[in-house]
Amino acid sequence: MSVLTRRAVAELAGTAFLVMAVVGSGVMASRLSPDDAGLQLLQNSVATGAALVALILALQPVSASFNPVVTVVERALGILDTPTALALIAAQFVGGLTGTVLANLMFGLDAVTLSTHGRAGGGLWLGEVVATIGLLLVIFGTIRSGRPDKVAYAVGGYITAAYWFTSSTSFANPAVTVARTITDTFSGIAPASAPGFILAQLLGGGLGFLLIRALYPSVATLPAAFPAPDRKVLS
């Protein structure tokens with residue numbers, strides 16, 4: 001299997017499991033705590049953050065972005081070439097949709113049901129901009145300061161918190177946003193609401209890139225025990 005194929009498979013599998021964690025824990029939370037929205041969000045956020053830590057730890061040696069905005073920023077920083085970035089983004093979208101279908105089926109739901117959960121408005125879009133900037137700052141700030149081994153914990157902790165401090169509950173990921181349009185459950189988003197969220201995420205991605213370049217203009221020299229921050233595949 002080629003290096004690029006391995007990277008794409010890792011992104012597909014990782015994004016699928018991430019979305020299963022988001023959607024599946026949302027369904028479970030709504031069934032276990034049907035009358036307590038706050039408890040549902042807590043259950044959903046903790047499950048998602050924990051899954052992110054585990055998935056990044058497992059797949060980081062191959063490829064563990066699980067997010068088209070992160071991959072675009074990696075391309076802009078020169079970490080990836082264009083064909084690789086495009087292949088990984090395609091895998092992320094396929095993985096996200098696959099994860100939603102599997103989550104729906106696990107809980108006895110139709111494989112695909114368009115969400116009726118509308119999410120629109122300036123406050124929610126601003127929340128997505130803020131969530132995406134913060135996510136990029138956490139990822140690339142950790143990597144470019146010479147601590148790539150801490151990325152999993154930083155990202156998992158940030159996403160768990162961002163569920164609560166952003167008005168949008170921090171989707172911060174176009175592939176996950178699209179995937180969540182095909183589940184009419186707690187974590188779903190109506191297809192008509194998805195474009196606004198994705199545009200906000202892309203805007204956050206651009207602003208996050210500028211912030212990263214301003215704060216971390218160069219990559220720290222890493223101790224010999226650490227992999228280079230742009231090395232994502234075991235040889």
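**Aromatic pairs and the helical fold around them**

By the ring rule used here, the count comes to 2 aromatic pairs. Under that rule, rings of Phe, Tyr and Trp (for Trp, the six-membered ring) pair if their centres lie within 6.5 Å; planes under 30 degrees apart count as stacked, over 60 as edge-to-face and the rest as tilted. Phe171 lies in the loop between α6 and α7 and Phe197 in helix α8 (residues 194-215), so their pair ties together parts that are 26 residues apart in sequence.

The structure is a predicted model, in which local features need pLDDT of at least 70 and side-chain atom pairs count only at pLDDT 80 or more, while totals for chains, interfaces and linings use all residues. Residues are numbered from 1 along each chain as its sequence is written, and side-chain values use heavy atoms, with hydrogens and water left out.

How covered are the ring residues? Here, buried means under 20% relative accessible area, exposed means over 50%, and partly exposed is in between (1.4 Å probe, protein chains only). Tyr158 has 12% relative accessibility and counts as buried. Phe171 is buried as well, at 5%, and Phe197 is buried with a relative accessible area of 0%.

Most residues other than glycine have a negative phi. Thr169, in the loop between α6 (151-165) and α7 (174-179), has a phi near 65 degrees, a positive value in a residue other than glycine. Ser170 is placed in the loop between α6 and α7 too, and its phi is near 55 degrees, again positive in a residue other than glycine. Both of these residues are covered: Thr169 counts as buried at 15% relative accessibility, and Ser170 is buried with 4%.

Now for the chain as a whole. There are 8 helices and 0 strands, where helices (H or I, at least four residues) and strands (E, at least two) are DSSP runs, numbered from the N terminus. Read along the sequence, the pattern is α-α-α-α-α-α-α-α. The radius of gyration is 17 Å, close to the 18 Å that the globule rule gives for 235 residues, so the chain is as compact as a globular protein of that length. This radius is taken over C-alpha atoms, and the globule rule is 2.2 Å times the number of residues to the power 0.38. Along the principal axes, the C-alpha atoms fill a box of roughly 50 × 40 × 30 Å. Of the 235 residues, 52% count as buried.

Gly24, found in helix α1 (residues 3-32), is buried at 7% relative accessibility. The C-alpha atoms of Gly24 and Ala103 are separated by 5.3 Å, although these residues are 79 residues apart along the chain. Leu97 lies in helix α4 (residues 82-106) and is partly exposed, with a relative accessible area of 32%. Between the C-alpha atoms of Leu97 and Thr181, 84 residues apart along the chain, the separation is 9.1 Å.

Leu39, Leu42, Val46 and Trp164 form a nonpolar patch with about 350 Å² of accessible area together. Patches are made of residues with over 30% relative accessible area and no salt bridge; like charges are joined within 9 Å, and nonpolar side chains (Val, Leu, Ile, Met, Phe, Trp, Tyr) within 5 Å. Accessible areas come from the Shrake-Rupley method with a 1.4 Å probe, and for residues only the protein chains shown count as cover. Helix α2 (residues 37-59) gives the patch its largest share, 3 residues. Leu39 is placed in helix α2 and is partly exposed at 33%.

The structure also holds 1 salt bridge, defined as a side-chain nitrogen of Lys or Arg within 4 Å of a carboxyl oxygen of Asp or Glu. The side chains of Asp149 and Lys150 meet in it, at 3.0 Å from N to O. Asp149 is partly exposed at 32%, and Lys150 counts as partly exposed at 41%.
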